[in-house]
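This report describes selected backbone and packing features of the structure shown below. It begins with a strand pairing and then turns to loops and a helix.

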Amino acid sequence: MPFRTLPHPRLRSRTAAALSALLLPLAALVALTSPAHAAAASTSATATFVKTQDWGTGFGGQWTVKNTGTTTLSSWTVEWDFPTGTSVTSAWDADVTHSGNHWTGKNKSYNGTLAPGASVSFGFNGAGPGAPSSCTINGGSCDGGPSAPGDNPPSAPGTPTASSVTDTSVKLGWAAATDDNGVKNYDVLRDGTKVATVTGTSYTDTGLTAGTDYSYTVQARDTAGQTGPVSGSTAVHTTGGGTDPGDPGTTGKVKMGYLTDWGTYQRNYQVKNLVTSGSAAKINTINYAFGNVTGGKCAIGDAYADYQKTFTAANSVDGTADTWDQPVAGNINQLRELKKKYPNIRILWSFGGWTWSGGFGQAAQNPAAFAQSCYDLVKDPRWADVFDGIDIDWEYPNACGLSCDTSGPDALKSLTQALRAKFGSDALVTAAVTADASSGGKISKQDYAGAAKSLDWYNVMTYDFFGAFSPKGPTAPHSPLTSYDGIPTQGFDSADAIAAYKAQGVPASKLLLGIGFYGRGWTGVTQDAPGGTATGAAPGTYEAGIEDYKVLKNTCPVTGTVAGTAYAHCGSNWWSYDTPSTIAGKMAWAKQQGLGGAFFWEFSGDTANGELVTALSNGLG
C-alpha cells in the first residue's frame, strides 16, 4: 500500500519569541535608591525593578517607570549597576546600553511621554546571578525622593493565604506591609494583573472559573503613591470543573508523547513498542498524529495506517492477529488494545501538523462546521471508545509556516470555542502552538490567552529553533532551555517562549514544555563549541540534518552542554540533542515554573528501553 512521506520530525517552525511586555505574576520586586546619584530636587518619577523569572544561569527582568509628578514627562532614563558577571543579553521597549558594569535604559520614541500618574515598563533577559543596584531615574533617586534615601517605598506585604475556595471565588488574607510614612492601600494581583485595590488586608475574589489554577500576589502603596515589592505568590485551584489535566482524578502532570501514523511503515514503530519499551507505563497521554484538515474540515489522514492495516500476532498489543474482515484494524485498533492494558492513558487525535495546516484558514471561516466535522470523525462509532478528545496543530494562525495564513488574531480562539462547545466539558481539547516569542513574532499574532480558556492545555513546540535549514550555520542547539552568550537569535529558547505565553495571560498550568527525541545537525564543522560555521546538513537516516536520539547517542556522543541541552562534535559533524540528563534538568525547570507537564515528539526516536520517556516521567514525578 503506498504511503505518504512526511518530514521527520515534523519540521516545526524554527522560531521562538521575545516579549513585547513582560507582565507575569511578579516576585522579588525591588525599588532601588542611589545616594551617589541623588537629585537636588524631586525627580517626579520612580523606577522599580522585578526579576520575573530565574533559571539559574540567567533571569528575566523588568523595570517600571512611573510619573509621580503633576506635569507630563517627555522622556525617561533609568541607570543602574550590575555586579561583575551579570549582564543584559536582550531588551525590549527601551534602548539598553552599558559602560562596564553601569547600565542605561532609555525610552523608545513611542513610550517616552508619561502623563501624571502613568507608568510604562521595559524588560530584558539577563545572564548571571546578580541584581541591580545604585538606581537613578532621570538623574535622581529611583524612589522619587528629593534626596537619597528620600521617601522609601513600602515593604512587601506577607504572602497571601487562601481560604473559603469555591468553584468561583476565593478569600485572601495577608500580613500588612510597613512604610516610613504609612501604607495607603493594597493592589491585589491575579496572574500578574491587578483585580482590586483595597485598604484592608483581605479580599474575596469572585467570578472565577471552576477547576482553574490562579496565582495571587499583593503589593502595597504608600501615601505618596509609591508601590513597593510584590509579595510572594499563592497558587489557588478552584473547585469543580472536572479532573486535573494530568493523571485522571489526581493532581499529576501531563506526560504526553506523539505517535505518528506513518511510523508503522519505514520506521517500523508499532503501538506494541510502547509496551515492550516500558513507555506505556510511564506516560498518561498520547497524541495520535495526524488527521488531515482539508476543505475546512477534519478528515482521515492515512486510512490504511489508521484503520485498515492488519497486524500479525507478533506485532499486536494483545498478541492476537487481526483478521482481514474485522471492522477496524490498523493503529486505531492497536490503540484500543493498549487502552485495555493501560486504562489511565488518554488518547487524542491530532489534526494538522506542518504539512496539513493549510486547511485551518478555511476552517476559521466557519468554526461550527469545522467542529462538527471533527466531532463526527473523532466520535465515529467505529472508534469512539478509543479517543478521549482532539488536538489541533495549526502551524500557524495569522502567520506563516509551510503556507501563510491571514485569518486574524482571533482565529484560534474562534476554533477552540467551537470545538469546546461541540465536544463538551468531558472531552480533552488541546492545541500545539508556536514557540516563537520574538519581538513581533508568531505568539504576538494571536490571542492565545483567549483561546486557552476553551482548552485543557497547550503543547508549546520548544524545539527546532535552529538547524541545518540554515546550511552554513552558525551551529546552535535546536532546543535550548535558556538564552546564552552567542545565541544566533535572541529569544529563540524555551524560557522566553513560556514567559511570552504567561505574559499574554495563559496560566502556567495550561502550558506543556516540548522535548524533541531527535537531534539536528550540520556537517563541515571544525569548531566544537556552538557558533561554528558549516557547509550543509549532516547526513541522517531518513532526512539530512535530522537523526533520532537512539542513533546519535552511539554514533555521535555528547561533547558538551549549553543552555540546558547537549551538543556533540564528531568528525566534521555537529549535532544538538537532549539526553536523559538534560531532560531531567528541563523537567525540574518545568516544575519550578508551575507548568502543566511536558510532551515529546515522538516515540520512535527513543531507545528500545525508552530511556528518554523514563527521564521525562521521573523528572515530572
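## Strand pairing and the open sheet

Threonine 161 stands opposite glycine 173, a residue of β12. The two strands concerned, β11 and β12 (residues 170-173), pair in the antiparallel sense over 3 bridges. Strands are DSSP runs of E with at least two residues, helices are runs of H or I with at least four, and both are numbered from the N terminus; two strands count as paired if DSSP finds at least two bridges between them.

This pairing belongs to an open sheet of 3 strands, with antiparallel pairing and the order β11-β12-β15. Because β11 (161-163) and β15 (202-205) stand at the edges with a single partner strand each, one side of each is left without a neighbour in the sheet. On average, neighbouring strands of this sheet are turned by 25° against each other, direction ignored; the axes are lines fitted to C-alpha atoms, and angles between N-to-C directions run from 0 to 180 degrees.

## Basis of the description

The model is predicted, so local features need pLDDT of at least 70 and side-chain atom pairs count only at pLDDT 80 or more, while totals for chains, interfaces and linings use all residues. Residues are numbered from 1 along each chain as its sequence is written, and side-chain values use heavy atoms, with hydrogens and water left out.

## Backbone features in loops

The loop between β23 (389-393) and α7 (411-423) contains tyrosine 396, and the peptide bond leading from glutamate 395 to tyrosine 396 is cis, with omega near 15°. Asparagine 398 is also found in the loop between β23 and α7; its phi is near 60°, a positive value in a residue other than glycine.

A cis peptide bond, with omega near 5°, joins glycine 473 to proline 474. Proline 474 is found in the loop between β25 (457-460) and α9 (494-504).

Aspartate 93, in the loop between β5 (87-92) and β6 (95-99), has a positive phi near 65°. Its relative accessibility is 16%, so aspartate 93 counts as buried (under 20% relative accessible area; exposed is over 50%, partly exposed in between; 1.4 Å probe, protein chains only).

## Helix α3

Helix α3 (residues 330-341) has 12 residues, which should span 16 Å at 1.5 Å a residue; its end C-alpha atoms are 17 Å apart, which agrees. The expected span is 1.5 Å times one less than the number of residues.

Of the 12 residues of α3, 10 are buried, among them Ile332, Leu335 and Leu338. The buried residues pack against β19 (254-260), α1 (272-276), β20 (285-294), α2 (303-308) and β22 (346-352), where contact means heavy atoms within 4.5 Å.
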